[in-house]
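Keep the structure in view and find each part as it is named.

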Amino acid sequence: MTAHEIDYRIYGEEMQYVEIELDPHEGVIAEAGSFMMMEDGIKMETIFGDGSQKDTGFLGKILGAGKRILTGESLFMTAFYNTLIGKRNVSFASPYPGKIIPIDLTEFGGKFICQKDAFLCAAKGVSVGIEFSKKLGRGLFGGEGFIMQKLEGDGMAFVHAGGTMAKKELAAGETLKVDTGCIVGFDHTVDYDIEFIGGIKNTVFGGEGLFFAKLQGPGTVFVQSLPFSRLAGRVLASAPRSGGKNKGEGSILGGLGDLLDGDNRF
């Protein structure tokens, strides 16, 4: 067992957080900004990369930090250790409404592929690396570029899915087509590619993008109903424009519609 063996409990429904129980000298690594609370006796330490055995030595630490730059993340991760004799708890919160998915890497052959912003936290010793796409089409049109995150090891990891999460078990040769932004992660045995939707009406008037992801089994796939990019786009579209006026959602009458539905701000 190279990763620390941690216990956990997930709380909440729409806005979840995971509480991780650490035995003496056990540790957990987490993305910056995911920390929620911790009990007395937990030591927090900022580290290069993920602190796994792959990052030992000065050169290994530099390469580990460089991997995180390629995925758009910070150079650093945060490690939390229990420095006392008894058990201590540390908690991490999901960044927006959705579900926290526990991933036991031993059940996925020691490797799990996920979107670069899905990773939340993991047992100390789990390697958080990058998964380069070997196919040109996937890199150019996949929505997330050539790079996804790769979780490796034999410990527990936790990823976040926006909205409602769907878990699909694909048989050998079975195919699932998904919006590229709705993928949370999948088993390393799943073949992932990008497919053109096709049809001039779909291309020009469809409003769903030109490509979708094609996932072929065998393996497990996790899909989210609310990608953060979609949520952010809707919020941005409804934000007040310059001059302080909002979009006007009361009706097609805009500001007059707001007056009619009770929004009487001037």
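Begin with strand S5 and strand S6 (residues 76–82), which run antiparallel and are joined by 7 bridges. Within this pair, methionine 44 stands opposite phenylalanine 80 in S6. Methionine 44 itself belongs to strand S5. Keep in mind that the model is a predicted one.

Strands S5 and S6 are part of an open sheet of 6 strands, ordered S5-S6-S3-S10-S13-S8, with antiparallel pairing. Strand S5 (42–48) and strand S8 (98–104) are at the edges; each has a single partner strand, so one side of each is left without a neighbour in the sheet. On average, neighbouring strands of this sheet are turned by 20° against each other, direction ignored. What holds such strands together? Strands of a sheet pair through backbone hydrogen bonds, in either a parallel or an antiparallel way.

Now move inward along the order to strand S10 (residues 119–123). How many of its residues are buried? The count is 5 of 5, and S10 is mostly covered. On one side, strand S3 (residues 27–30) runs antiparallel to S10, and 3 bridges join the two. Alanine 30 has cysteine 121 in S10 as its bridge partner. Strand S13 (residues 156–162) is also antiparallel to S10 and is joined to S10 by 3 bridges. There, phenylalanine 119 has valine 159 in S13 as its bridge partner.

A second sheet comes next. It is open and has 4 strands in the order S1-S2-S7-S4, and the pairing is antiparallel. Strand S1 (7–11) and S4 take the edge places with a single partner strand each, so one side of each is left without a neighbour in the sheet. Here too, neighbouring strands are turned by 20° against each other on average, direction ignored.

Inside this second sheet, strand S2 (residues 17–22) pairs with S7 over 6 bridges in the antiparallel sense. The bridge partner of glutamate 21 is asparagine 89 in S7. Is serine 91 buried or exposed? Its relative accessible area is 2%, so serine 91 counts as buried, the limit being under 20%. Leaving out residues up to four places away in sequence, serine 91 touches Tyr17, Val18, Glu19, Ser34, Phe35, Met36 and Met37.

Charged side chains are the next topic. Side chains of opposite charge can pair when their charged atoms come close. The structure holds 4 salt bridges. One of them is between the side chains of lysine 99 and glutamate 13, at 3.7 Å from N to O. This pair links distant parts of the chain: lysine 99 is in strand S8 and glutamate 13 is in the loop between S1 and S2, 86 residues apart. Lysine 99 is partly exposed at 25% relative accessibility, while glutamate 13 is exposed at 52%.

A further salt bridge joins the side chains of glutamate 21 and lysine 87, at 3.8 Å from N to O. This pair also links distant parts of the chain, with glutamate 21 in strand S2 and lysine 87 in the loop between S6 and S7, 66 residues apart. Glutamate 21 is partly exposed, with a relative accessible area of 26%, and lysine 87 is partly exposed at 45%. Glu21 and Lys87 are linked with Asp23 in a network of salt bridges. Elsewhere, the side chains of lysine 167 and glutamate 169 meet in a salt bridge, at 3.8 Å from N to O. Glutamate 169 is exposed, at 51% relative accessible area.

Finally, step back to the whole protein. It has 5 helices and 19 strands. Of its 266 residues, 41% count as buried. Among contacts with a separation of 6 or more, 76% are between residues 24 or more positions apart. The protein exposes about 14,100 Å², and carbon and sulfur atoms supply 57% of that area.

Conventions: Residues are numbered from 1 along each chain as its sequence is written. This is a predicted model: local features need pLDDT of at least 70, side-chain atom pairs count only at pLDDT 80 or more; totals for chains, interfaces and linings use all residues. Side-chain values use heavy atoms; hydrogens and water are left out. Buried means under 20% relative accessible area, exposed over 50%, partly exposed in between (1.4 Å probe, protein chains only). Contact means heavy atoms within 4.5 Å. Accessible areas come from the Shrake-Rupley method with a 1.4 Å probe; for residues, only the protein chains shown count as cover. Two strands pair if DSSP finds at least two bridges between them. Axes are lines fitted to C-alpha atoms, for helices over the stretch in contact, and angles run from 0 to 180 degrees between N-to-C directions.
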